[in-house]
Amino acid sequence: MPELPEVETTRRGIQPYMQGKTVAEVVVRQPKLRWPVPPDLAQQLAGSRIVHIRRRAKYLLFEFAHGVMLLHLGMSGSLRVYPDGSAPPPEKHDHLDIITADHTVLRLRDPRRFGAVLWFAGAAEQHPLLQHLGPEPLQDEFTAGYLKTALSRRKSAVKTALMDNKIVVGVGNIYANEALFAAGILPTRRADRVSAEECRRLVAEIRSVLQRALEAGGSSLRDFLHSDGQSGYFQQQYNVYGREGEPCRACGTPIARQVLGQRSSFYCPQCQH
């Protein structure tokens, strides 16, 4: 699943081609995604200018003067940009095109159809999907003090808490595993038993792992590709994720795996406590 670094990498890739452009046409080939594509989407967008493209959590927000289009890549979605009328014929899983007045095409490909394209005639933060989200992990609001307070209310495993978007957005499975390893905290530890000092380390490591993933262009899992069709390379830096039975890069102990909240958790039994 594309996580925060992959979504942010996608945003940075498409922004120079789409922001400021006027939409000429919207072609919907498959409206049955995670939620139905609004039947009036083409009517809402045609003739309107894309004022700004930003990200909130794992949502891409295409802001117009009269509302916002929310786009989520789901489990396997990706966006490709084809400038100057260079788009090839659509393939089976190419479900939606946004075509600008200068013939640039933004194409959504989503083999598993768990993505979403929604329209909201209001400020993005007022949309029900965004109203109750926690802070962005790379912004100043995400502090050790904030995290300590948030975790103190949770008796669930700390990794499960970190993946709750009401606590902090965008720290998905891969990056939660990697940050907890770097901070020396077992993913199974009860959230309310993480100390203030450990929260300080955890905030620093979450930021570090996400920044390094952004610099590497994200990870390439399943069908994720950049907007230019290239792969991300952060998976080559994993310390624990997907490395069950392999030696820990720090101490040599075999990496262990445990399922938490229906997601695989990877950790070093020696380095994490």
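How far apart do the end C-alpha atoms of residues 239-273 lie, and what share of the span is helix and strand? The end atoms lie 16 Å apart, and the span is 0% helix and 29% strand, helices (H or I, at least four residues) and strands (E, at least two) being DSSP runs numbered from the N terminus. This is a predicted model, in which local features need pLDDT of at least 70 and side-chain atom pairs count only at pLDDT 80 or more, while totals for chains, interfaces and linings use all residues. Residues are numbered from 1 along each chain as its sequence is written, and side-chain values use heavy atoms, with hydrogens and water left out.

**Annotated spans**
- UniProt lists residues 239-273 as "domain: FPG-type" in an unreviewed entry; such annotations may be inferred rather than shown by experiment.
- The UniProt annotation "domain: Formamidopyrimidine-DNA glycosylase catalytic" (unreviewed entry) covers residues 2-115.
- Residues 2-115 are 18% helix and 35% strand, with end C-alpha atoms 11 Å apart.

**Domains**
- The domain assignment gives domain 1 (4-126) and domain 2 (144-267), with bounds from an automatic or database assignment.
- The C-alpha centres of domain 1 and domain 2 are 29 Å apart.

**Helices α3 and α6**
- The axes of α3 (residues 144-151) and α6 (residues 196-215) come within 8 Å and cross at roughly 120 degrees; axes are lines fitted to C-alpha atoms over the stretch in contact, and angles run from 0 to 180 degrees between N-to-C directions.
- Ala 144, Leu 147, Lys 148 and Leu 151 in α3 meet Ala 196, Cys 199, Arg 200, Leu 202 and Val 203 in α6, contact meaning heavy atoms within 4.5 Å.
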